[in-house]
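I wanted the fold of this chain on one page. My notes follow.

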Amino acid sequence: MSDAASEWTEAATAVRQAHETLKASSASEIRAWAEKAGLTDWSIWQKIKRELYKQLDLDYDGMRASEAEQVTDAVASAAAAAPVVELYAAGDERGSFAVVGDGDETAWYGTFHSKDAVFRQGDQTSADDSAAGKAAFLAGKLREELDAPAIRLILHISNPHLDGTRLAALAARYRVHLERLEIDDDNPATVWCEVAGHRPWQAIRLTDLLVDDQAEVG
């Protein structure tokens with residue numbers, strides 16, 4: 001049996017066995033089920049989604065988009081008077097990334113993990129996309145430190161090909177409202193991508209990333 005045929009059998013069996021649970025689940029719950037079962041590698045995950053449609057008439061991608069929109073709207077509402085963080089993000093197709101604030105010491109940089117879910121070696125857009133996701137994650141960590149219900153993010157990137165709607169939905173998972181997405185050719189994060197070594201986000205004083213003059217936002 002070919003690898004593809006084996007995966008189709010595995011996907012069909014997995015969905016059939018979890019039939020009762022899955023048909024009453026949200027998209028996020030379905031994804032959690034797949035992760036726990038080890039069914040999220042790209043190839044088999046596509047087959048799982050197809051089996052969800054075939055067996056249960058569930059459009060996973062449609063469900064996920066609808067749920068993401070609801071979360072994004074809820075976070076936007078909660079962020080009406082929230083603190084503001086401003087970040088610059090960039091990736092390099094050779095395998096490095098950086099997320100930078102205004103100060104010289106407010107940088108998180110290094111190389112992509114070998115199992116990074118977004119970055120593909122040699123693909124510049126995927127590198128920038130992964131770095132932008134890390135910026136949303138970092139803003140979320142600041143929100144947690146402030147114990148705020150939400151936080152607003154001004155994000156500067158250099159790549160005009162990134163999907164702003166998808167980034168906003170990703171940010172909302174961390175209760176971060178993507179206030180503005182700026183295309184900025186003068187992006188200091190690109191310089192940090194060239195710096196040897198790494199600096200973990202835990203080494204940063206997260207409050208340094210806050211924007212002092214919130215009147216600039218809008």
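I looked at helix α6 (residues 124–146) first. I found α6 lying across β1, β2 (96–100), β3, β4 and β5, at about 150° to β1. Contact here means heavy atoms within 4.5 Å. Axes are lines fitted to C-alpha atoms, for helices over the stretch in contact, and angles run from 0 to 180 degrees between N-to-C directions.

I noted the source next. This is a predicted model, where local features need pLDDT of at least 70, side-chain atom pairs count only at pLDDT 80 or more, and totals for chains, interfaces and linings use all residues. Residues are numbered from 1 along each chain as its sequence is written, and side-chain values use heavy atoms, without hydrogens and water.

I then traced the sheet. Its five strands run β3-β2-β1-β4-β5, open, with mixed pairing. β3 (107–111) and β5 (176–183) are the edges; each has a single partner strand, so one side of each lacks a neighbour in the sheet. The twist averages 20° from one strand to the next. Pairing takes at least two DSSP bridges between two strands.

I checked one pair. β1 (residues 84–92) and β4 (residues 151–157) are parallel, over five bridges. V84 stands opposite R152 in β4.

I counted elements last. The chain has eight helices and five strands, as DSSP runs: H or I of at least four residues for helices, E of at least two for strands, numbered from the N terminus. Their order is α-α-α-α-α-β-β-β-α-β-α-β-α. The C-alpha atoms fill a box of roughly 55 × 40 × 30 Å along the principal axes.
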